[in-house]
Amino acid sequence: MSDIEIRDDRAAGRLEAIGDGTDGEVVGHIEYFVLESPGRALVPVHTIVEPAHEGKGIAGALARELYVIAEREGVVVAPLCPYVTKWAARHPEEAPAADPELLRAAKEWLVAHPGRF
């Protein structure tokens, strides 16, 4: 994987990968929201990597960083994004499973906010 910088734009609900040598271009991102109830969780909804940058490990680096941020903040990740869900299943040592109640609440939040994603 080429060197990338990952930044968390919490206000926009985006974890962004900035490509090395791309003049600050965002080459991939995870869109997410913060669930507050019944417990605090980061909820990834979509992972997108620009076509010219696919196959470079960017999506995996983004997923890994999301779990690192969650651990640092003392919260869990409740993935609704199919990519993050699959990544977590392949990396259980880095990605603890979310409580089913949190996943249910995250799905309900998403339904209640149809224009958000």
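Contact here means heavy atoms within 4.5 Å. We're working with a predicted model, where local features need pLDDT of at least 70, side-chain atom pairs count only at pLDDT 80 or more, and totals for chains, interfaces and linings use all residues. Residues are numbered from 1 along each chain as its sequence is written, and side-chain values use heavy atoms, with hydrogens and water left out.

**Exercise 1.** Find what Leucine 15 touches, skipping residues up to four places away in sequence.

**Exercise 2.** Describe the largest nonpolar core.

*Solution.* First, the term: a nonpolar core is a set of buried Ala, Val, Leu, Ile, Met, Phe, Trp, Tyr and Cys residues joined through side-chain atoms within 4.5 Å. Buried means under 20% relative accessible area (1.4 Å probe, protein chains only).

Now count: the largest one has 22 residues, and Leu15, Ile30, Leu42, Ile58, Leu62, Tyr67 and Val84 have the most contacts inside it.

Then look at who supplies it: strand 2 (14-19), strand 3 (26-35), strand 4 (41-49), helix 1 (58-73) and helix 2 (82-90) each give at least two residues. Helices (H or I, at least four residues) and strands (E, at least two) are DSSP runs, numbered from the N terminus. Helix 1 gives the most, with eight residues.

Last, spot the second, separate core: it has eleven residues, including Phe33, Ala41, Ala78 and Ala105.

Methods:
Buried means under 20% relative accessible area, exposed over 50%, partly exposed in between (1.4 Å probe, protein chains only).
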